[in-house]
Amino acid sequence: MGIFERFLSIWVGIGMVIGLAGGVIFPQLFSFLGDLQYAQINLVIAVLIWLMIYPMMLQVDFSSIKQIHRRPKGLVITIVVNWLIKPFTMALLAVFFIRYIFGAWISPDLGNEYIAGMILLGVAPCTAMVFVWSQLTKGDANYTVVQVAINDLIMVVAFAPIAAFLLGVTDVTVPWDTLLLSVSLFVVVPLLAGVITRNVIRKQEKIDKLSAILKPLSIVGLVGTVILLFGFQAQTIIANPIDIVLIAIPLLIQTYLIFAVAYIWMRKWKQPHSVAAPGAMIGASNFFELAVAVAISLFGIHSGAALATVVGVLVEVPVMLTLVAYANRTRNNFELEPAT
């Protein structure tokens, strides 16, 4: 493990500080960068995420993907946790904390908007960043791609009905441009780039060498993303410190809870660590671009729902790094070879 991976938490912490300071000192610069977006997806962050994902996509061997159907248990766990457990635990935690535990500090109307934003996060499991977490936990690149692909296919048909049911509204409009562009940018394009690169290079040792060279760029992309996210929201963080903490508490509990459910289930079903860790990360993290876009379209850019989804963005990277560290420490508790 190189210096970048060994001290990743420190780099991310420094990135958070730089982002907050930059957003306060240079608000116009971050406002300009924040406006460089299409379909609610910031183009600068999209490039940084692409840099993070591409090195992992180099490891995907299409000849091996066709064998994944022989190991269906990991996919079953991913689907059940993401779509039959996660949305509902998020709704329960949001209502319990915002209405009852923190009800004395938050007005009912604003509390309802916070709950709505958290529900939208709960119905949007991760698409892009999970490739980063998979790489950091030495996940099976082929299996991770299939897990994410199936998750995205389900999202196309399940996001709106589940969100409508939990929000108690019937007019949830899925921003298809955001959904389809995100899947294309963060899954299809880097996957195709990886396939083309493998076909051009051909020799595995050269592919491994190229991946090693590009790995620092993944970390640079991650830290750069953190700087921008915190820079974009610096004014919001400064203006609403108490509410951000109150919203973050149920989001933190949800993240650790969903990870624990999937991770323990993977172990009980004797899945290899290379499948278990990425599978647990998909549900624990969120497709924040989609959640933010829907929150803005339904409740407005200055709504409590939009703020709640932004808090989800801010807490995700630091929290997921703790789960990466835990997954790496517990690697020996899992199957060492792929389960059959």
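Predicted model: local features only at pLDDT ≥ 70, side-chain atom pairs only at ≥ 80, totals over all residues.
**View 1. The largest cavity holds about 100 Å³.** The search of the whole structure returns 2 cavities of 30 Å³ or more. Of the 14 residues lining the largest cavity, Leu251, Gln254, Thr255, Ala284 and Asn286 lie nearest its centre. Two or more lining residues come from each of α6, α7 (108-122), α13 (241-268), α14 (273-284) and α16. Helix α13 provides the largest share of this lining, 4 residues. The lining has 6 nonpolar, 6 polar and 2 charged residues.

**View 2. The largest nonpolar core contains 110 residues.** Those with the most contacts inside this core are Met118, Met129, Phe131, Trp133, Phe159, Leu222 and Met281. Helix α16 (residues 304-329) contributes the largest share, 15 residues. With residues up to four places away in sequence left out, Met118 touches Met90, Ala94, Ile98, Ile247, Pro250, Leu251 and Ala308.

**View 3. A salt bridge joins the side chains of Asp140 and Arg71, with an N to O distance of 3.3 Å.** Asp140 lies in the loop between α8 (130-136) and α9 (141-167), and Arg71 in the loop between α5 (62-65) and α6 (73-101), so the pair ties together parts that are 69 residues apart in sequence. Both partners fall under the 20% cut-off for buried residues: the relative accessible area is 15% for Asp140 and 13% for Arg71. The count for the model is 1 salt bridge.

Notes
Residues numbered from 1 in each chain as written. Heavy atoms only, no water. Salt bridge = Lys/Arg side-chain N within 4 Å of Asp/Glu carboxyl O. Buried < 20%, exposed > 50% of the residue type's maximum accessible area, 1.4 Å probe, protein only. Core = buried A, V, L, I, M, F, W, Y, C linked by side-chain atoms within 4.5 Å. Contact = heavy atoms within 4.5 Å. 1 Å grid on protein atoms, 1.4 Å probe; cavity = no way out; pocket = protein on both sides within 12 Å on 5 of 7 lines; lining within 4 Å. Points joined across faces, edges and corners; volume = space filled by probe spheres on them. Nonpolar A, V, L, I, M, F, W, Y, C, P; charged D, E, K, R; others polar.
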